[in-house]
Structures are given as structure tokens and as C-alpha cells.
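Reader: I'm new to this one. Can you put it up and walk me through it?

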Amino acid sequence: MLGIQPARTGLSGSLRMPGDKSVSHRAFLINALARGEAKLSNVLDSEDVARSRELVRAIGVSVEKSGADWILRTPEVLREPLDVIDCGNSGTTIRLGCGVLAQVDGVSVLTGDASLRRRPMLRVVEPLRGVGAQIDGREHGRLPPLVVRGGAVHRTDVTLGIASAQVKSAVLLASRTCGVTVREPRRSRDHTERFLRAMGATLAEHDDGALSLEPGDWHAVDVRVPGDVSSAAFWMVAATLVPGSTLELHGVGLNPTRTGAIDALVAMGADIEVVPDEGDVEPQGTLVVRSAGLRGTRIGGELALRSLDELPVLAVAAAAAEGETVIADAAELRVKESDRIARVAAGLRAFGVEVEERPDGMVIAGGGLRAEEAPVIDAEGDHRLAMAFAVAGLASRAGVQLANADAVRTSYPTFFDDLDVVRT
Ligand code: S3P
């Protein structure tokens, strides 16, 4: 059990954000399908990303550490893995991994931890079947373990039922040798598209938002992974809520498909200054966050999609705001590492906040995290809940007792070290 005391004085100092999780996964998984050698810098050193690194090793890619960087070298031909691939807690590894393995001759088996084995897979299994991959799994492909027999893909048009960067990416990767057109109902994060263009792929975006990939060879690219804006969101909320705070967050990725949390907080009254750095494939910059009073808002539609992973901590911000906040169009939150709607609602109630749960979101009454005794919150299986409720504890009247706080190893292993830095 980890006890977090309420912050009595403002948070201060500067932090460099660890590498972005989505971009780090892709640095291994997409480069694996390219030819040549690549240097990967500022890769997130976390359990989830290690799963993707081990997946590409299992199909014959050489991955070696060189100082703080990774050097990746692809073989002439990717090989069938010798054993089952364990994707741990990582939805990105298993879903993008299916796309990669659809390009590998032979049979691959993918599994994961108890949380991952409950997560829906038909969303990726069905479109990959459409592309020609033979793929199946428990309950006819609904759940992991999954079995992929790759090699025989063909060009097709794919229309996705949900906006999911994981699924879109899996389809694009599976179709390297045959090409594909893919449509999604809303534009999800575009890291894969940026990678493919940098690797020399021919990828067109049509007026209706459809993406067309032409078949071809890709060349491996060096990657400098930006800091993770999803990790920065915990500090944006913490510094906003704890009076007297000023925090500088350096090297934060500012890809516009990922910055919904900044926009939502600014709409609520947060004081966040964005200072962009030199341009790169992925834009980045510094955020300067000063404490401010917040008012309730509505987070739905495109904004909810652009802040999906940050909604648990935005819900904490809403709980401390004046007035009601509505989170809508976020049913996907129910099938993340846990049911984040149910667990965020239950956790906030334990802090004395009124919350109405809805199928696609929640309504949060606001007015403060006012429980008189520190609630016990279990973060089991969900890193973002561990960090969101740690922030709630800091901004609350009585603090929090966190069980399974080590879930942070999935995306931000040094989170509690950074907390010590900004509290002193
Ligand atoms: C991710 C995409 C998002 C996000 C996840 C990482 C990615 O999921 O929630 O944490 O790296 O592609 P979906 O877009 O599949 O919902």
C-alpha cells in the first residue's frame, strides 16, 4: 500500500517526460517490417514497450542496446517465432503485433496478462481476415490468445467500425506487400502514418479522410521519441490543482491528434503555456503549468478521442472544478486496461465526489475531493488509474492509500520518483 499525503505547498521544478509509449512501440514494430538499420533514442523504458521489443526479436530482428539508445537491424526474411509471444498488459503490442505477424510466413501465437485476455480483439481480427490473414483466437477470435498465420494477404478496402489507431495501424502494417484503403469514423492518432511516410511508403489521404497505402518496400528510420503527453497530463492536472504550483515539463510530444488534454484543461481555465521546439516528424515542446481554479466543461466528440487516455486524470480535474463536467462519446474507456468509466466513477465517489456513470462517459459534480479520511483505491492492472488517483490524493483533503501502485511500470516507471522531485 502506498500512502500519498495531500500537497501542503505548491509543486515546483522541471521534469523531462519519459518517451511516448505509442511512438516507442511503433519504433520497434514498424521498423521490423522495413529494411536496414535504425537508431532509436529516448525510447520509453517500460514494461509495455519491452513487450513490443521482444515481439520483434522473436521474429528475427536484432535489437541491441547502445548507451541509452537501441540499434535495430532487420533480417532479409522475418522468421516464424519459436514460442508463444507474451504481450503482457499491452494492447498496442498485441494489436499492432497481429498486423506485423500477418506479414510473416508461419504461425504465431499471442497472449497476455489477465487484463489483456479480457480485451476485445474482433475489432482487429475481422479487418485482418478481410486483408487475407488467417487469424483466430479464444471465442472465435473475440479474446486472446490469438493465432495468426501470415503471408497470404491481398489488397482490399477496409472500413472500421470504431476510430482506433491500434486497429488502423494493424491493417496498414498487414498490407505492406499488397496495399490497402482504410477508413475510420473519426481520425485517431496518426503516429503510424508519420512513420510510414518517413520510411518511404506511398500513403495518400483522400478528401473523405480515407488512407490509401501502395505496396512497396520501406526503409528503416532513426527515431527520436518525443516525451509522452499522456504522462505529462498527470503533472498538468497536479500543478493546476495544487495551489502555488509552477511546473515546467520538457520535451513533450505535441502531435495534434494527442493534445486533447491540453485543450480540455485550458477550456476549464487552466494556465498552460505551450512553447514549441524545433520541428521533427513528431512536434514537441515545453509546457509551463501554473495553478489555477477550474470550472466544469463538456468533453465529447473529437475532443474525447484526442484525450481518451487522459480522461481518468481529466475526471480528477473535473472533480476539483467548480460546476459540472460531462464526459461523453468515450465508451471505448470501458475496454481499456480496465473499465475506466466504472473504476474512475467508483474512485471519485470514494473521495466524496458525486458521479453519475453513463454508458459512454460520466457526469462529475465537481466541488472538491473532500473525503475526510484517505480512501483506499486499488490500481490493479491499470497504470493510468494508479497515476490519476495519486494526483487526486495530492489535491485532496486527506490523501489516498494506493494499492498496486506499481502498475505505473506499464507506461511511467519513474512516476513516483518524479513526484518526489516536484514535491521538495
Ligand atoms: C494507442 C491507441 C489508443 C490508446 C492506446 C494506445 C496506440 O487506442 O488508447 O493507449 O498506440 O495506437 P485505440 O486508438 O486503439 O483506442
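Author: Let's start with Gln 166, which is buried, with a relative accessible area of 15%. Buried means under 20% relative accessible area, exposed means over 50%, and partly exposed is in between (1.4 Å probe, protein chains only). This is a predicted model: local features need pLDDT of at least 70, side-chain atom pairs count only at pLDDT 80 or more, and totals for chains, interfaces and linings use all residues. Residues are numbered from 1 along each chain as its sequence is written, and side-chain values use heavy atoms, with hydrogens and water left out.

Reader: Where is Gln 166 placed?

Author: In helix H6. Helices (H or I, at least four residues) and strands (E, at least two) are DSSP runs, numbered from the N terminus.

Reader: What is Gln 166 in contact with, leaving aside neighbours within four places in sequence?

Author: Gly 91, Thr 92, Arg 95 and Leu 96. Contact means heavy atoms within 4.5 Å. The side chains of Gln 166 and Thr 92 are also joined by a polar contact of 3.0 Å. That term means a pair of N or O atoms within 3.5 Å; within protein, one must be able to donate a hydrogen and the other to accept it, and residues adjacent in sequence count only if both atoms are side-chain atoms.

Reader: New topic. Which residues surround the ligand?

Author: Ser 22, Arg 26, Thr 92, Ser 164, Ala 165, Gln 166, Arg 189, Asp 309 and Lys 336.

Reader: Which side chains have a polar atom 2.7 Å from an oxygen atom of the ligand?

Author: Ser 22 is one of them. Arg 26 also has such an atom at 2.7 Å. For Asp 309, an N or O atom in the side chain is 2.6 Å from a ligand oxygen.

Reader: How much of the ligand does the protein bury?

Author: Taken alone, the ligand exposes 390 Å², and the protein buries 95% of that. Those areas come from the Shrake-Rupley method with a 1.4 Å probe.

Reader: Which elements give two or more residues to the shell around the ligand?

Author: Helix H1 (21-29) and H6.

Reader: What about Thr 192? Buried or exposed?

Author: Thr 192 is buried, with a relative accessible area of 1%. Its place is in helix H7 (residues 191-198).

Reader: What does Thr 192 touch?

Author: Arg 26, Ile 30, Ser 169 and Leu 172, not counting residues up to four places away in sequence. With Ser 169, there is a side-chain to side-chain polar contact of 2.7 Å. Arg 26 also belongs to the ligand's surroundings.

Reader: Which peptide bond is cis here?

Author: The one from Pro 144 to Pro 145 is cis, with omega near 0°. Pro 145 is found in strand S9.

Reader: And what is phi at Asn 42?

Author: Near 55°, a positive value in a residue other than glycine. Asn 42 sits in the loop between strand S3 (37-41) and helix H2 (47-58). Asn 42 is partly exposed, at 38% relative accessible area.

Reader: What about His 140? Buried or exposed?

Author: His 140 is exposed, with a relative accessible area of 70%. His 140 lies in helix H5, and has a positive phi of about 60° although it is not a glycine.

Terms used:
Near = heavy atom within 4 Å.
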